[in-house]
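The sequence and the model are shown first, and the description comes after them.

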2 protein chains.
Amino acid sequence: MTLLRVQMTNGQIVAEPFPKEKILGGRATIDFLLSQRGAPAAHPLSERSIFLVAPGLFAGSGAPQSGRLSVGGKSPLTGGIKEANVGGTASHKLGRLGIRAILAEGTSKERQVLKIDKEGARLENAGDIVGLTNYAACDKIRQRYGENVGILIIGPAGEMKLANSTVAVTDPEGRPSRHAARGGVGALMGAKGLKAIVVDDEGGSLRKGANEEAFKEATKSAAEAIQNGPFRNAFHNLGTPMFIDMDNARGSMPTNNHRIGSFEKVQKINVAKLVELNKARGGSMGHGCMPGCVVRCSPIFHGPDGKFVTAGFEYETIVMLGANLGIDDLDAIARMDRRCDELGLDTIEMGCTIGVLNDAGMFAFGDAGKAEALIEEIAQGTPLGRILGSGVAVTAKVFGIDRVPEVKGQGIPAHAARSSKGWAVTYATSPQGADHTAGAVLEDPLSPVGQVDRSRKQQILMAALDATGLCQFTFLPPKLIVPMINGLHGVNWSVEDYLEMGREMLRQERAFNLKAGIGPGADRLPEWMKNEPLAPTNAVFDVPDQEIDGLFNF
Amino acid sequence: MTLLRVQMTNGQIVAEPFPKEKILGGRATIDFLLSQRGAPAAHPLSERSIFLVAPGLFAGSGAPQSGRLSVGGKSPLTGGIKEANVGGTASHKLGRLGIRAILAEGTSKERQVLKIDKEGARLENAGDIVGLTNYAACDKIRQRYGENVGILIIGPAGEMKLANSTVAVTDPEGRPSRHAARGGVGALMGAKGLKAIVVDDEGGSLRKGANEEAFKEATKSAAEAIQNGPFRNAFHNLGTPMFIDMDNARGSMPTNNHRIGSFEKVQKINVAKLVELNKARGGSMGHGCMPGCVVRCSPIFHGPDGKFVTAGFEYETIVMLGANLGIDDLDAIARMDRRCDELGLDTIEMGCTIGVLNDAGMFAFGDAGKAEALIEEIAQGTPLGRILGSGVAVTAKVFGIDRVPEVKGQGIPAHAARSSKGWAVTYATSPQGADHTAGAVLEDPLSPVGQVDRSRKQQILMAALDATGLCQFTFLPPKLIVPMINGLHGVNWSVEDYLEMGREMLRQERAFNLKAGIGPGADRLPEWMKNEPLAPTNAVFDVPDQEIDGLFNF
């Protein structure tokens with residue numbers, strides 16, 4: 001396996017052998033490379049900063065639903081470490097070409113496309129793709145490089161180096177609907193001068209196990225477990241939007257700028273409504289973002305005219321651009337999602353950002369037209385647009401807003417912190433900033449008791465899982481994952497070894513943040529969440545600071 | 001002495017006795033109150049945050065040149081602790097009324113004036129002062145409250161809660177020419193709903209020493225030392241602008257966005273030019289910002305028509321709005337200074353902010369008209385103006401600029417870091433962010449050797465001095481200051497006790513920052529200063545990180 005080092009300043013590309021003894025993938029690769037070669041004190045957008053792409057441990061193999069791809073570096077949004085992962089088709093293609101990671105350094109003045117195939121890798125002038133929105137750019141790229149390539153791409157937001165910008169990855173239909181969304185990784189890629197990475201695995205080969213028989217057997221067990229998983233049908237039929245009614249009922253669905261925990265107009269944006277519209281218009285509920293997916297959790301949404309509007313229309317997006325803005329119009333929410341996909345903007349951060357403008361009198365809850373117009377400001381690159389594209393913390397700072405739903409500069413996602421206290425501990429403490437995938441805790445959501453322990457356990461599990469490239473909706477327990485690692489990589493890990501990898505990743509991430517100036521005191525939810533009750537549960541966040549400070553004692 | 005607690009939410013004012021055993025003034029009072037009652041994890045602009053004003057240890061007494069006033073809280077600019085101090089007339093007036101500190105908490109929806117006189121303190125609706133620029137507002141206040149009041153006031157920038165906004169204090173002529181400028185203390189005051197604090201000391205009394213005879217004697221010695229100080233005449237005749245030629249010659253005068261260390265057109269903005277224009281137009285060099293000042297370092301500048309333009313036309317302002325922007329026109333620089341004084345903007349931060357726009361193609365060095373127009377954007381409160389009014393770090397983030405002259409979010413002042421290496425260590429490590437008064441080091445500016453030790457010593461000395469309210473241009477050594485403290489306060493401090501106060505202040509400031517999430521890793525100059533040589537000395541910043549990390553080992 002190789003580490004592809006791309007020196008953007010002079011165009012030199014070197015394929016280094018990746019240290020054999022390092023069994024690393026995805027987020028673990030990002031953490032390792034940032035610890036070894038990162039510049040924690042440098043500006044994220046500077047030449048000294050590095051941009052990383054890393055497929056998971058199983059990329060290129062037959063392990064089921066293991067095609068998640070990690071993208072990372074020093075976050076332009078938080079100033080700390082950042083790994084954002086994403087489904088789509090690119091990860092397995094990179095794996096089949098034997099690539100463990102891509103490291104881009106320096107910067108190119110002209111925007112480039114990095115083309116990777118079995119002949120190697122080269123930089124090509126991005127030409128007329130520059131400035132295009134993601135769907136149009138991917139059309140052109142497929143025309144230029146073939147229908148079957150996998151694409152990583154930044155939209156205009158990433159080209160503008162805005163701190164809320166994504167790296168999109170194409171789904172099996174070639175649409176840039178999947179996003180490594182959080183922390184401004186699009187700006188990192190943009191600062192390197194990269195518009196797209198195009199991966200053609202024609203002629204590449206399926207990765208075989210070092211112990212192929214054991215790997216096949218482990219793979220079979222895992223596939224069966226996924227196939228028989230208790231939530232598989234629910235995910236397939238309802239997708240992540242099924243959480244809308246659930247979170248709304250629990251009072252943990254951010255509504256009106258995180259002011260309420262449920263939305264009175266929920267029936268106009270919930271999964272029943274979505275299924276109804278999809279039936280009438282020809283959208284679908286069960287789309288898989290990576291080849292071979294059997295969970296297929298992701299809805300595709302069509303407009304009133306029956307035409308495709310957006311794919312990857314997820315819980316987080318519908319809540320943050322819907323309920324959190326008081327917007328009850330699924331069509332408008334879908335248009336905003338599409339626009340964010342086109343421009344390369346994280347919908348969670350966007351929803352937080354527009355939400356706080358209510359406090360400055362610049363947005364009224366429920367005004368979908370205004371919300372759409374504000375996103376257009378970003379497309380146009382106006383000063384207002386650039387502010388909004390810089391995320392919720394900067395927007396609040398510029399407009400003098402003091403009630404800001406963010407941790408470490410990153411907007412708080414769609415499971416309300418005060419009424420999901422375990423999840424909130426993860427938001428507060430994750431080295432990634434407030435993150436919905438860094439360690440979900442569902443138990444006993446209104447009680448502060450035991451949440452630090454639960455969050456610790458989940459953060460370790462999720463870190464390890466983010467190394468594998470497995471989708472979290474496989475719900476595979478470590479004892480089914482570890483045999484696949486052993487079979488593929490020819491090692492003899494125990495479950496404990498696997499968890500220790502997760503712990504070590506978190507240690508590396510904390511160490512990076514410390515070097516970047518972010519101390520443990522930053523492990524706090526916004527102070528107002530301790531005092532302002534969240535209707536209807538009237539919960540406040542009351543996990544003691546002292547307990548939170550013990551989260552990383554492991 | 002009392003602590004005036006002003007609850008802005010309900011208008012309640014309580015005069016608490018200040019703990020007698022606490023011999024604290026100025027910055028030491030700020031540090032103490034923030035440690036005791038501050039909310040380091042709360043948003044600076046939130047109701048939970050406190051805004052503080054504290055006269056120095058000698059306020060209200062006859063100690064010479066001891067009228068500096070400290071203003072502070074949690075900085076909206078840096079997110080850490082902030083104390084900014086300022087001359088003018090208010091400090092002694094507060095001292096004569098027996099006030100040790102003002103603490104404002106909560107927030108008032110309608111803007112208020114806090115009126116303080118011998119009858120007590122009360123809040124009054126600010127009425128038609130709201131929205132006025134500082135000079136006009138002070139005229140109205142003097143009409144309303146009398147000619148002899150001392151005024152602390154925020155301009156439109158503070159009312160807009162912009163992170164680069166000052167608290168202005170009136171000089172002996174009643175002009176708002178003196179500014180507690182750094183760290184956005186104006187936004188803190190604005191967030192409380194305070195437009196102005198008006199101090200009328202009519203009927204107040206000169207503070208006598210607990211040991212009056214000893215105090216008088218110590219005061220006399222100090223006054224003589226100031227009177228006979230080696231730099232007194234230079235300061236009086238040339239003011240702080242005398243440093244222009246000095247720093248330019250040493251290659252440590254930030255020019256063109258900190259890209260060069262000297263300015264080829266220096267003769268058009270140096271002190272000789274200033275003196276020449278002042279002679280021709282009726283400006284003056286030797287203005288004192290507080291009553292009784294014998295140093296009188298501060299120039300007043302008149303326009304081509306002979307009319308007053310600005311007072312407090314200092315080195316930092318002329319360099320940051322002049323050389324650092326490539327602007328060689330003293331008239332334009334003076335107009336910008338006046339406009340910053342009117343709006344309540346820090347000229348150092350403003351100069352850094354406009355400077356970095358060159359990298360985004362939004363400003364060309366030397367274009368004074370454009371620089372003035374950009375400041376007008378702030379006056380108008382446009383999105384662009386609000387960005388620029390939020391300081392250099394936010395401006396850079398919004399416009400994707402990665403070469404940013406800031407530490408902990410605060411712009412780097414006018415003694416270039418790379419060619420003033422001791423000073424640079426202070427910029428890097430001060431809990432206040434990059435600050436020109438936190439510990440000047442002049443020795444051996446191009447050598448990295450010994451600078452950490454020098455900076456440590458100077459930071460301790462300056463912290464202690466900032467507690468006294470003495471102007472740093474008194475150049476009084478501790479052995480002349482301590483007897484005044486002992487005489488006035490009836491204590492028996494040694495010089496070591498005095499220095500220990502300085503150390504304890506720095507410890508408290510570091511502890512506050514830690515709780516606010518700012519770790520020791522933030523004690524770094526921008527990384528590019530290690531690599532980019534600064535002409536003409538071609539110095540890079542090469543004091544080792546490891547040594548820097550030992551600065552606070554005391």
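The model is predicted. Chain A is superposed on chain B by a rotation of 180° with 0.0 Å of shift along the axis, and the RMSD is 0.0 Å. The two copies are thus related as by a two-fold rotation axis. Among the residues of chain A, A:Gly519 comes closest to that axis, with its C-alpha at 2.0 Å. Of the interface residues of chain A, 100% are also interface residues in chain B, so the copies meet through the same surface.

One residue that touches the other chain is B:Glu527. B:Glu527 sits in the loop between α19 and α20 (545-548) of chain B. Its relative accessible area is 11% and, because buried means under 20%, B:Glu527 counts as buried. Apart from neighbours within four places in sequence, B:Glu527 is in contact with A:Ala39, A:Ala41, A:Ala42 and A:Arg48.

## Packing of helix α1 in chain B

Two packed helices are described by the angle between their axes and the distance between the axes. Helix α1 (residues 26-37) of chain B packs with helix α19 (residues 495-515) of chain B at an angle of about 40°, and their axes are 9 Å apart. That angle makes α1(B) oblique to α19(B). The crossing in which α1(B) passes α19(B) is left-handed. On the side of α1(B), the contact is made by B:Arg27, B:Ala28, B:Asp31, B:Phe32, B:Leu34 and B:Ser35, and on the side of α19(B) by B:Met505, B:Leu506, B:Gln508, B:Glu509 and B:Phe512. By class, the residues of this contact of α1(B) with α19(B) are six nonpolar, two polar and three charged.

Helix α1 of chain B also meets helix α17 (residues 451-468) of chain B: the two axes come within 4 Å and cross at roughly 95°. This makes α1(B) roughly perpendicular to α17(B). The contact joins B:Gly26, B:Arg27 and B:Ala28 of α1(B) to B:Met462, B:Ala463, B:Asp466 and B:Ala467 of α17(B). Four nonpolar, one polar and two charged residues make up the contact of α1(B) with α17(B).

## Buried elements

In chain A, helix α5 (residues 185-192) has eight of its eight residues buried, so it is largely enclosed by the rest of the structure. The buried residues of α5(A) include A:Val185, A:Leu188, A:Met189 and A:Lys192. After α5(A) comes A:Gly193, with a positive phi near 90°.

Helix α12 (residues 347-356) of chain A is likewise largely enclosed by the rest of the structure, since 10 of its 10 residues are buried. Among the buried residues of α12(A) are A:Glu349, A:Met350, A:Cys352 and A:Ile354. The buried residues of α12(A) pack against α10 (315-321), α11 (330-343), α13 (368-380), α14 (383-388), α15 (392-398) and β17 (410-411) of chain A.

In chain B, B:Ala104 belongs to strand β6 (residues 99-105). B:Ala104 is buried, with a relative accessible area of 2%. B:Ala104 and B:Lys192 are 88 residues apart along the chain, yet their C-alpha atoms are separated by 7.0 Å. Leaving aside neighbours within four places in sequence, the contacts of B:Ala104 are B:Val6, B:Met8, B:Ser49, B:Ile50, B:Phe51, B:Lys192 and B:Leu194.

Most residues other than glycine have a negative phi, and most peptide bonds are trans. Exceptions to both patterns are listed in the table.

| Site | Feature | Value |
|---|---|---|
| A:Ala535 to A:Pro536 | cis peptide bond | omega about 0° |
| B:Ala535 to B:Pro536 | cis peptide bond | omega near 0° |
| A:Asn257 | positive phi, not glycine | phi near 55° |
| A:Phe475 | positive phi, not glycine | phi about 50° |

A:Pro536 lies in the loop between α19 (495-515) and α20 (545-548) of chain A, and B:Pro536 in the loop between α19 and α20 of chain B. A:Asn257 is in the loop between α8 (243-250) and α9 (271-281) of chain A, and A:Asn257 counts as buried at 0% relative accessibility. A:Phe475 is in the loop between α17 (451-468) and α18 (478-489) of chain A, where A:Phe475 counts as partly exposed at 45% relative accessibility.

Key: Residues numbered from 1 in each chain as written. Chains lettered and ligands numbered in written order. Predicted model: local features only at pLDDT ≥ 70, side-chain atom pairs only at ≥ 80, totals over all residues. Heavy atoms only, no water. Axes fitted to C-alpha atoms, helices over the stretch in contact; angles between N-to-C directions. Helix = DSSP H or I, 4+ residues; strand = E, 2+ residues; numbered from the N terminus. Parallel < 35°, antiparallel > 145°, perpendicular 65-115°, else oblique. Left-handed = near helix turned anticlockwise from the far one by under 90°. Contact = heavy atoms within 4.5 Å. Nonpolar A, V, L, I, M, F, W, Y, C, P; charged D, E, K, R; others polar. Least-squares fit on C-alpha atoms with pLDDT ≥ 70 in both. Buried < 20%, exposed > 50% of the residue type's maximum accessible area, 1.4 Å probe, protein only.
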